[in-house]
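Notebook open, structure loaded. I'm jotting down what I look up as I go.

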Amino acid sequence: ALNSHGYSDVQRVQGLRHVYLANQLTESSQNTVLQGLPPGTSISDLTVLTKRTMDHGQSWQLLPPPPNEECLSNSCFLHLQSLSSHSDATSNPNAPGIVVATGNVGKYLRSDPVNTYLSKDAGHTWVLVHQGDYRAEISEQGGLIILGRNDGPTVELLMSWDVGRTFTRTEFSSVEVFISSM
């Protein structure tokens, strides 16, 4: 899917060959991939589904929901925000397989609520690491993961020294600031 700025919702998981995450624009009523918008189709008739490939696009699978997330529907999957929403997934070529991304669990991608998720196996499985919209930075080998609030001002960062198992709050400013990049 391309947004109005020309960004495509496909991202390579850095450090691994042939592994990509993508958002697919589908028609809500039939859940079919659009080849072009049919005449009379409104934006409310469209949904976005997140998929992953491990074979350079030969086959695509929906992302399973994290085990620590509750879902009230039979067809729940994890759907991720992306470049078109200025909240792309974060990976590091020196920390193969570790991905931090924001999104939601449900039938399709929604803008609210947004939570932050971590995968240590290139997107095969995910865990909820923090409620809310956070941008991330991953250090060498993933030994340090830093999260900064993405949806408003903050005075703190969340830091993990154990590949995302636990996060501690660290105050870095005495006044609230907006984090525009990490």
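**Entry 1: strand 8 and its partners.** I started with strand 6 (residues 77-80), which runs antiparallel to strand 8 and is joined to it by 4 bridges. Strands here are DSSP runs of E, at least two residues long, while helices are runs of H or I of at least four, and both are numbered from the N terminus. I count two strands as paired if DSSP finds at least two bridges between them. Leu80 has Gly103 of strand 8 as its bridge partner.

Before going on, a note on what I'm looking at: this is a predicted model, where local features need pLDDT of at least 70 and side-chain atom pairs count only at pLDDT 80 or more, whereas totals for chains, interfaces and linings use all residues. Residues are numbered from 1 along each chain as its sequence is written, and side-chain values use heavy atoms, with hydrogens and water left out.

Back to strand 8. Strand 7 (residues 90-91) pairs with strand 8 in the antiparallel sense over 2 bridges, and I found Thr90 bridged to Val100 there. Strand 9 (residues 115-119) is also an antiparallel partner of strand 8, over 5 bridges, with Val99 opposite Ser119.

How much of strand 8 is buried? I get 8 of its 8 residues, so strand 8 is largely enclosed by the rest of the structure. Buried means under 20% relative accessible area, exposed means over 50%, and partly exposed is in between (1.4 Å probe, protein chains only).

**Entry 2: Asn104.** I picked this residue out of strand 8 (residues 99-106). Asn104 is buried, at 2% relative accessibility. A polar atom of the Asn104 side chain lies 2.8 Å from the backbone nitrogen of Arg110. I then listed contacts (heavy atoms within 4.5 Å). Beyond neighbours within four places in sequence, Asn104 touches Phe77, Leu78, His79, Leu109, Arg110, Pro113 and Tyr117.

**Entry 3: the 11-12-13-14 sheet.** This is an open sheet of 4 strands in that order, with antiparallel pairing. Strand 11 (134-138) and strand 14 are the edges; each has a single partner strand, so one side of each is left without a neighbour in the sheet. On average, neighbouring strands of this sheet are turned by 30 degrees against each other, direction ignored. Strand 11 pairs with strand 12 (residues 145-149) over 5 bridges, antiparallel. Tyr134 stands opposite Arg149 of strand 12.

**Entry 4: salt bridges.** How many salt bridges are there in the whole structure? My search gives 2, taking a salt bridge as a side-chain nitrogen of Lys or Arg within 4 Å of a carboxyl oxygen of Asp or Glu.

- Arg149 pairs with Asp151, with the closest N and O atoms 2.9 Å apart. Arg149 is partly exposed at 31%, and Asp151 is partly exposed at 46%.
- Glu156 meets Arg169 at 2.5 Å, N to O. This pair links distant parts of the chain, 13 residues apart: Glu156 sits in strand 13 (residues 156-160) and Arg169 in strand 14 (residues 168-171). Glu156 is partly exposed at 25%, whereas Arg169 is exposed at 52%.

**Entry 5: whole chain.** I count 0 helices and 14 strands. Of the 182 residues, 43% are buried. Among contacts with a separation of 6 or more, 46% come from residues 24 or more positions apart.

How values were computed. Polar contact = N/O pair within 3.5 Å; in protein donor to acceptor, adjacent residues only side chain to side chain. Axes fitted to C-alpha atoms, helices over the stretch in contact; angles between N-to-C directions.
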